[in-house]
Amino acid sequence: MVKRGELSAFLRLAAAEIPPARGLVPLLTLLTVWQLLAPGPSAYFPAPFEWWRATALLWDSGQLLPAFAATVTTFVEGLALAVAIGAGLGVTIGTSRPVERALGPLLEFMRAIPPPVTVPIATLLLGYDVTMKLTVVALSAIWPILLNTSSAAARVEPLLFDVARTFRLSTADWIRQIVVPSVVPFILLGIRVAIPLAIVVTLLVEMLTSLPGIGALMIQSQRNFQSAQVYALLVMVGLFGFVVNDLFAIIEAIVLRRWPARGVFRSS
Amino acid sequence: MAVRQFSGRLSWRPNIAGLVTMAICGLVWEMAIQVGVFDYQYLPAPSAIIRGAGELAASGELITATLHTLESVFLGWAIAVAAGVSFGLLLGSSPLLRRYSLATIEVLRPMPAIAFVPVALLLFGFSIQTELMVIVLPSLWPVLINTMGGLMGVHARLGEVGRTFRLSRAAILYKVFLPAATPAIMVGVRISLTLAVVLAVLAEMVGNPEGLGYAVVSQQQALRPDLMFVYVMVIGLLGLALNALLVGVVSVSFPAASAEFKGPRW
């Protein structure tokens, strides 16, 4: 149950993340001019009202909701996997100097491979299915989280470890009281970088393999030259990216109040 | 006590443990395939990948594909930097413009790059313009935001100094604010280069059937995993090489900017 005070604080946070609406003037002007200059359907620049009609048609045909659900599920599950594995591995690597040195070059090398090209590799190795989709999304989203976590874990003030020894903290307490507070802000930083990657790779898998989802729907409507539908889907994907970004900024602000990014780092 | 950095980027002694780990991984991979431990049908051994690289290099396919990708990366990046710096300068120096466009930027910026592929295909078909549209739109933002932020971060007193010397508005922008914002701008320029490489490959995978991105997909469909892995490695190396080149060029031509420039890559 959310208390009243917390709810209003949450709403304030949400509002603070959105810049003033007057900044939308250029975008709205562009859309209005577009609508006035090209009021009807067109193979290249269909009018914005046509996009709306295409959305309604897609909705009525019953394709939109399942596709959207498939995409969002893959994105969320893939990201969750990446966070769990990336943060776990990151702490392990970051807190142990030998492990860090041994795995460093290998990880740097693997990270240099752009996430999109993992899609064809995974299709060959794992075949066309949902497991492959998840693996690919998780694999591309993992690097920013892993690297941020491990470098944060490696830079924990050494004095804190001495403090933990002095107080004879158990491993569980040590993780809860020292590792988590110093690592969480950087896990969040990693997730923020990973979010757009995960969205792009989710859509890419769907485009390349025609597994059900918004990506498959986009490429299919482009191949059928349904231009209004292409633009409509572009707007929807854009809105999805915007909402996810904003939602995460709010979550980040809430979590950072609990574990602020300060105090544990040496000023280097 | 030295600051600990991931993979010891600050220490110059060779990381023996790291290199040994890589070698062992390569060996285990090779052995596992030779012995038949992995039952993945399409996982090539490292030796097969090296043979494939020789094959592709000899036939000239590798060079053609790499040159095509390089061309679109550089063209797209140049356009993105030019547009990003111009808009960034405008927005950074005019609070009014900023007030009436920030929300638009915030709405457009998180648009997933790949969503532009179908629209680009609709407008330009299979052509390099399709690639350029997919590269330019997303890689514009880091340059724009960093240029704007860089200008806004310059201390107001520097502008006052310019006015004291009776410099014109344009001269203040060009002689005072631009040099002070250069380190920030260069960070944006580098992020945008890294992005441009990824986006070019992406655009070639689902858009324009040419270059390294298409080569990866077509070798996958031709069930030639050895050749596919060659292209994957070339793409990775290309990104690293371009980044290293840019860092080198910047540290020579803008020494002041390079300290901030080498910072974290993410």
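**Close-up views of chain B**

**View 1. Packing of helix 6 on helix 7 in chain B.** Residues Phe116(B), Val117(B), Ala120(B), Leu121(B) and Phe124(B) of helix 6 meet Gln129(B), Thr130(B), Met133(B), Val134(B) and Leu137(B) of helix 7 in chain B. Contact requires C-beta atoms, placed from the backbone, within 7 Å; helices are DSSP runs (H or I, at least four residues) numbered from the N terminus. This contact has 8 nonpolar, 2 polar and no charged residues (nonpolar: Ala, Val, Leu, Ile, Met, Phe, Trp, Tyr, Cys and Pro; charged: Asp, Glu, Lys and Arg; polar: the others, Gly among them). The model is predicted: local features need pLDDT of at least 70 and side-chain atom pairs pLDDT 80 or more, while totals for chains, interfaces and linings use all residues. Residues are numbered from 1 along each chain as its sequence is written, with chains lettered from A and ligands numbered from 1 in the order written.

**View 2. Crossing of helix 6 and helix 7 of chain B.** The two axes come within 8 Å and cross at roughly 145 degrees; axes are lines fitted to C-alpha atoms over the stretch in contact, with angles from 0 to 180 degrees between N-to-C directions. The crossing is right-handed (near helix turned clockwise from the far one by less than a right angle).

**View 3. The side of chain B that touches chain A.** The contact takes 52 residues from chain B and 57 residues from chain A. Helix 11 of chain B gives the largest share of the chain B side, 7 residues. By class, that side has 38 nonpolar, 11 polar and 3 charged residues.

Conventions. Contact = placed C-beta atoms within 7 Å. Helix = DSSP H or I, 4+ residues; strand = E, 2+ residues; numbered from the N terminus.
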